[in-house]
Amino acid sequence: DSLRIDLYMGDSRFMLGNMVGGTADNLTYDFSKLDALIRLLGEHGVKLYSSWCYIPKPLQIDNDWRKGPSDLSAWQEMFWTFAKHYKELGIRIPYNEVYNEPDCGDVFFLGDWDDYTQMYIAAARGLLEGNQDSVIGGPSTAFIDQAGEYKVTRFLEQISEANVPLDFFSYHSYGCDSKQYLFRTNIAQAILGKNPAFDTTELHLNEYNSLIQPFIEGGDAEKSRGGATLLTSFELLLDETDVTLAHWAQFMDTGYEPLGAIDTKGRLKAPYWALWMYSQMPEERVRVEGLPDASKEGLHTMASADSTRAAILLWNDGQTNSEQVEIKLSSLPIKKGKLRIYKMDDNVDNYFTVDGDTSIKHSEVLSIEEAGDQLLTTIAPGGFTLYLFDSGEAAEENQVLGSLIRKRYYFTERQKKNYSFFDETDQTVYLGMNGESSARSIVAMEYKDLPDQFFIDSAFDGNFKEVDFNTSFNVRIDYEVDGEYVWSYRLDYLPMNVRRDQTLPWGTRRKADEVEVLSTLLTGKSLVSLKAHAPEGWNGRAIITFDMNSTGENTRTEITMQPIK
């Protein structure tokens with residue numbers, strides 16, 4: 001979906017090191033290499049997540065790319081220039097991260113936390129001046145557990161006073177020791193949760209590596225147990241539903257420590273295949289029953305299915321005991337096709353025994369009819385196995401509704417496990433209570449070039465309950481005219497209780513101007529006539545918000561949108 005890159009401006013050893021030249025009074029730019037990189041990523045359906053670092057040559061102090069900027073006004077101008085350049089090219093950079101690890105000792109930055117905060121404020125102002133739709137965040141902290149609550153809280157206070165946004169809070173975590181990726185996530189949630197001004201701030205774990213320390217050649221981080229540990233971290237992080245994005249680091253070995261899923265020769269390690277197996281699973285998760293306690297080492301399972309494929313992923317993150325597994329299938333949606341079984345453990349891993357191909361092979365291929373509804377296997381310590389049921393039919397691709405400008409989230413109660421997510425890859429909105437009784441799941445997409453009409457198709461699952469006066473399911477459209485959101489139209493499944501807070505932190509920021517009750521909204525296909533309800537002068541730009549509030553603890557829905565052209 002996206003690739004985060006430290007741009008390394010100011011360090012001529014790197015590809016983009018000399019992108020900014022001239023003097024502080026007269027900055028010059030060479031966009032050619034970054035433009036080419038963005039286009040190359042785009043050819044593969046990947047967007048640039050830009051970590052704007054470090055200090056370019058003309059703004060350095062003592063010729064050190066870790067010192068500076070020497071002139072904050074010129075620093076702000078630089079961000080204005082980049083934002084303006086890509087806006088004029090029509091290229092969307094979905095996330096703009098200001099700097100990288102300013103708190104990592106003297107590795108990347110030689111200023112203090114207040115110096116970084118002023119850099120952030122100036123950069124955010126420049127980005128917004130160049131493109132008002134810029135999505136901006138930081139602080140890209142290396143040690144949120146060590147930075148301390150005071151420093152981060154002070155950072156939030158200062159950017160609030162400066163009236164600049166924090167669209168996402170970014171932080172890093174390496175190694176699975178004591179599950180520190182959860183510890184750091186929980187610290188970030190606690191700090192942001194104290195201030196409602198940051199209820200719209202996403203969490204980005206954008207340098208994330210859950211392998212086993214120490215990262216030594218031939219260690220567990222390179223073996224199948226590293227892959228099993230990785231999958232356990234995925235399972236646990238799925239419940240941290242305000243973490244809207246994670247970037248694996250490092251995907252390839254650095255050359256000085258083997259923490260990657262691929263080595264410097266391009267050979268694939270066992271943890272790569274754990275990533276690959278997970279990537280083969282359809283998005284729609286299904287229930288697994290009869291598992292042992294997930295908080296303990298041992299057997300773990302996830303399963304998912306759609307109309308063309310189904311998958312069961314098992315792994316054993318224990319250190320000593322093999323796990324005997326009996327799988328009973330119920331309501332498998334794929335009746336005909338192939339079952340491919342992929343297996344990885346230290347007994348079948350050829351990374352350490354051969355110099356050539358390290359690709360995994362399916363250890364067994366059966367017809368789905370031949371496999372039946374009961375499967376037996378043994379998972380070795382650190383091993384993982386994927387059962388992939390494939391009908392052989394291509395899944396129908398969802399259409400793109402308009403030109404996406406940005407996504408928006410609203411986390412009113414961060415510690416709850418309800419979820420909301422818009423997946424750009426499959427163009428689907430996912431909302432669910434996930435065991436919560438009273439909770440609000442809300443996601444919005446801001447578009448331009450929208451059609452006059454489109455269909456909403458909601459596949460609601462579970463027993464809809466009126467839990468409290470907040471219970472509701474609705475879709476709201478906020479319309480822009482001449483650069484300002486002036487009118488909103490809302491579709492409700494049931495009439496909304498007047499006591500419920502009906503405002504949103506975006507769009508017009510007031511109650512809806514027009515409301516329609518539509519009984520098909522929850523479980524059917526509903527026509528939305530955008531233009532018919534638009535104010536005069538509407539330019540095709542709008543925010544579409546999907547809002548599911550307190551509908552019952554096991555309710556969920558998947559929503560797609562089809563334009564009518």
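The place of Q427 is the loop between strand 19 (419-423) and strand 20 (428-432), and its phi is near 55°, a positive value in a residue other than glycine. Please keep in mind that this is a predicted model. The points below start with the backbone and then turn to rings, charges and helices.

**Backbone points to look at**

- S550 also has a positive phi for a residue other than glycine, near 50°.
- The loop that holds S550 runs between strand 27 (542-549) and strand 28 (556-564).
- With 0% relative accessibility, S550 counts as buried, because the cut-off for that class is under 20%.
- A cis peptide bond leads from G68 to P69, with omega near 5°; P69 lies in the loop between strand 4 and helix 2.
- Another cis peptide bond runs from A249 to Q250, with omega near -5°. Here Q250 is found in the loop between strand 9 (243-248) and helix 7.

**Aromatic pairs**

- In total, the structure holds 37 aromatic pairs.
- One of them joins W52 and F82 in a tilted arrangement, with 4.8 Å from centre to centre and 45° between the planes.
- This pair links distant parts of the chain, as W52 is in strand 4 (residues 47-52) and F82 is in helix 2, 30 residues apart. Both W52 and F82 are buried.
- Y120 and F155 form an edge-to-face pair, because their planes stand at 80°, with the ring centres 5.4 Å apart.
- Y120 belongs to helix 3 and F155 to helix 4 (residues 144-161), so that pair, too, links distant parts of the chain, 35 residues apart.
- Y120 counts as buried because its relative accessibility is 0%, and F155 counts as buried at 0% as well.
- Ring pairs also link a cluster made of Y8, F14, Y54, W65, Y99, F108 and F109.

**Charges over rings**

- R267 places its charged end over the ring of Y351, 4.6 Å from the ring's centre.
- K525 lies over the face of F455, at 4.8 Å from the ring centre.

**Helix 2 with helix 3**

- Helix 2 (residues 72-89) packs against helix 3 (residues 113-130) at an angle of about 35°, and their axes are 7 Å apart. The crossing of these two helices is right-handed.
- From helix 2, the contact includes L72, W75, Q76, F79, W80, A83, K84 and K87.
- From helix 3, the partners include Q118, M119, A122, A123, R125, G126, L127, E129 and G130.
- By class, the residues of the contact of helix 2 with helix 3 are nine nonpolar, four polar and four charged.

**Helix 6 with helix 7**

- The axes of helix 6 (residues 224-237) and helix 7 (residues 270-279) cross at roughly 35° and come within 7 Å. Helix 6 passes helix 7 in a right-handed crossing.
- S224, G226, G227, L230, L231 and F234 of helix 6 meet A270, P271, A274, L275 and Y278 of helix 7.
- The residues of the contact of helix 6 with helix 7 divide into eight nonpolar and three polar, with no charged residue.

Technical notes: Residues numbered from 1 in each chain as written. Predicted model: local features only at pLDDT ≥ 70, side-chain atom pairs only at ≥ 80, totals over all residues. Heavy atoms only, no water. Axes fitted to C-alpha atoms, helices over the stretch in contact; angles between N-to-C directions. Helix = DSSP H or I, 4+ residues; strand = E, 2+ residues; numbered from the N terminus. Left-handed = near helix turned anticlockwise from the far one by under 90°. Contact = heavy atoms within 4.5 Å. Nonpolar A, V, L, I, M, F, W, Y, C, P; charged D, E, K, R; others polar. Phe/Tyr/Trp six-rings, centres within 6.5 Å; stacked < 30°, edge-to-face > 60°. Buried < 20%, exposed > 50% of the residue type's maximum accessible area, 1.4 Å probe, protein only. Lys NZ or Arg CZ within 6 Å of the ring centre and 35° of its normal.
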